[in-house]
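This report describes one protein chain, beginning with a single residue and moving on to the chain as a whole. The sequence and structure come first.

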Amino acid sequence: MANTKEDILINLDVVGDLSYAWQLIDSYTKQMQDGIKENPSLVIKLRATFLKMASAMDHPLLRILQANSNDLESVSRYYSGELVAYVRKVLQIIPETLFNLLARIVDIQTNKLRELPTRLDKDKMKDFAQLDERLEVARLTHAISVFTEGILQMKTTLVGIIKIDPKQLLEDGIRKELVRLVALALHNDCMFPPKSKVTII
């Protein structure tokens with residue numbers, strides 16, 4: 001590397017420039033989210049993608065720095081905020097999937113698992129065991145833990161000038177999804193008949 005010519009370094013810098021990705025990356029959001037649903041550990045690999053996207057800010061900020069502009073901090077904060085918002089958008093699939101899995105567990109426990117009586121004959125024990133249903137609950141519970149572990153394994157990442165804490169990211173995502181589901185439930189279930197108009201003669 002010590003003998004590398006300056007023009008080669010310039011070419012590498014131009015080739016590695018990811019500024020164009022600001023316009024294109026959103027078209028890959030669905031593929032990234034589908035990949036996370038199939039393999040939660042993919043979040044760790046996406047960390048490299050987010051860091052590469054952060055490098056896309058280097059060239060615009062370099063020009064501002066060279067101009068000795070006072071806008072450097074505000075521009076850096078703006079682009080960093082936009083990138084963090086995109087990271088949250090991609091990883092929001094994890095809380096959504098968690099609640100879908102929880103809904104399936106609740107459905108099994110509420111509608112499929114039979115309540116155990118106080119006293120149970122030995123010959124009926126197999127009927128109440130419901131091994132397939134309990135296996136499905138165990139499988140779904142394990143899937144939830146895998147999704148949680150996937151995002152927590154992503155180390156604290158500096159995106160631009162904003163630090164992303166994966167634990168806080170997961171907590172915020174769960175709160176956002178919980179608010180959405182509560183609002184949806186209230187909207188669907190709390191339906192009030194319109195007040196009848198009284199005609200005064």
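## Residue E177

E177 has a relative accessibility of 3%, and because the limit for buried is under 20%, E177 counts as buried. The model is a predicted one.

E177 sits in helix α10, which runs over residues 166-189. Once the neighbours within four places in sequence are set aside, the contacts of E177 are Q92, P95, E96 and F99.

## Secondary structure and overall form

Ten helices and two strands make up the secondary structure of the chain. Their order along the sequence is α-α-α-α-α-α-α-α-α-β-β-α. The chain is more spread out than a compact globule, because its radius of gyration is 26 Å, well over the 17 Å that the globule rule gives for 201 residues.

The C-alpha trace spans about 85 × 75 × 25 Å along its principal axes.

## Burial and contacts

Of the 201 residues in the chain, 27% count as buried; E177 counts as buried too, at 3% relative accessibility.

Among contacts between residues at least 6 apart in sequence, 72% join residues at least 24 apart.

The chain has an accessible surface of about 14800 Å². Carbon and sulfur atoms account for 58% of that surface.

Terms used. Residues numbered from 1 in each chain as written. Predicted model: local features only at pLDDT ≥ 70, side-chain atom pairs only at ≥ 80, totals over all residues. Heavy atoms only, no water. Helix = DSSP H or I, 4+ residues; strand = E, 2+ residues; numbered from the N terminus. Buried < 20%, exposed > 50% of the residue type's maximum accessible area, 1.4 Å probe, protein only. Contact = heavy atoms within 4.5 Å. Rg over C-alpha atoms; globule rule 2.2 N^0.38 Å. Areas by Shrake-Rupley, 256 points an atom, 1.4 Å probe, with all protein chains shown as cover.
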